[in-house]
Amino acid sequence: ISGNKNVGTIVGIQKGLLENCKVYGNVNGIESVGGIAGFKYGMINNSSVYGDVTGKKLIGGIVGSNNGNINQSFFVGNVIGTETNTSERGYVGGISGNNYGNIEGSFSSGSIKSKALYTGGISGSLTDTALIKNCYSTSNIEGYTDAGGIVGSIGGKVENCYSTGNVKGNRVGGITGFITGASAYLKNCFALNPSIDATHTENG
């Protein structure tokens, strides 16, 4: 599957419920590109993607940009952000590129790569009203700035999560590269990363 904006193997823009979906294959696009949906407001339950997802901005193994709920779903493969400007916001993640909603009971396995900002094993970025809970990532993460085993940059809540993959980039961490905002917090999270490779002074 290939396209430009709002590209997914099942749907470009999703507003309803997707449940028990399985995807085997690759998807390519430019912006808002996901293994199942490019851009979503609705709910995805008990679904999986096996393959590679490639794009420039807002790229996720399940969803490019998540504004709803993702439950009990997983991604196995490679997520590749092609933005080469290191000052741009790439938003690349194993489940969603950017997350305005809730992601629970989900995981990613493989590799997540970007040369831009915000790269994470579950989501590239998490806004102040969003939640990631009971998730894990075994993916190897390679980003530029704000790269994390679970989320690149956290503005919301992350609970009961762990990561076991290698993390590489500037301003990186086993769970997150950056925590921002008064409503952001981490609770009961574990960084079990064999390697955190960083050059920035604010790494953890």
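Here is a tour that starts with the whole chain and then moves to single residues.

**Before you click**

This is a predicted model, so keep in mind that local features need pLDDT of at least 70 and side-chain atom pairs count only at pLDDT 80 or more, while totals for chains, interfaces and linings use all residues. Residues are numbered from 1 along each chain as its sequence is written, and side-chain values use heavy atoms, with hydrogens and water left out.

**Stop 1: the whole chain**

Show the cartoon for everything. The protein chain has zero helices and 30 strands; helices (H or I, at least four residues) and strands (E, at least two) are DSSP runs, numbered from the N terminus. The C-alpha trace spans about 40 × 35 × 30 Å along its principal axes. Of the 204 residues, 54% count as buried, where buried means under 20% relative accessible area, exposed means over 50%, and partly exposed lies in between (1.4 Å probe, protein chains only). Now think about contacts, meaning heavy atoms within 4.5 Å. Among those between residues at least 6 apart in sequence, 78% join residues at least 24 apart.

**Stop 2: a seven-strand sheet**

In what order do the seven strands of the open sheet run? Pick them out as β2-β7-β11-β15-β19-β23-β27, with parallel pairing. Two strands pair here if DSSP finds at least two bridges between them. The edge strands are β2 (11-14) and β27 (176-179), and each pairs on one side only. From one strand to the next the twist averages 5 degrees, taking axes as lines fitted to C-alpha atoms (for helices, over the stretch in contact) and angles from 0 to 180 degrees between N-to-C directions.

Zoom in on β15 (residues 96-99) and β19 (residues 123-126): three bridges join these parallel strands. Click N99, and you'll find its bridge partner in β19 is L126.

**Stop 3: β9, β13 and β17**

Next, select β13 and look at its partners. β9 and β13 pair in the parallel sense over eight bridges, and D52 stands opposite N78 in β13. Seven bridges join β13 to β17 (residues 107-113), again running parallel; here V76 stands opposite S109 in β17.

**Stop 4**

Now centre on V158: leaving aside neighbours within four places in sequence, V158 is in contact with L126, I132, I150, V151, Y185, L186, K187 and C189.

**Stop 5**

Select S139, in the loop between β21 (136-137) and β22. Is S139 buried or exposed? S139 counts as buried because its relative accessibility is 2%. A polar contact of 2.9 Å joins the side chains of S139 and S108. Such a contact is a pair of N or O atoms within 3.5 Å; within protein, one must be able to donate a hydrogen and the other to accept it, and residues adjacent in sequence count only if both atoms are side-chain atoms. The S139 side chain also reaches the backbone nitrogen of S109 at 3.4 Å.

Hop to S114, in the loop between β17 and β18 (117-120). S114 is buried too, at 7% relative accessible area, and its side chain reaches the backbone nitrogen of A116 at 3.0 Å.

Then try G156, in the loop between β23 and β24 (157-159). G156 counts as buried, at 0% relative accessibility. Its C-alpha atom is 5.8 Å from that of L126, 30 residues apart along the chain.

C135 counts as buried, at 1% relative accessibility. For C189, the nearest cysteine sulfur is also that of C161, 4.9 Å away, but C189 counts as partly exposed, at 21%.

Conventions: Disulfide = S-S within 2.5 Å.
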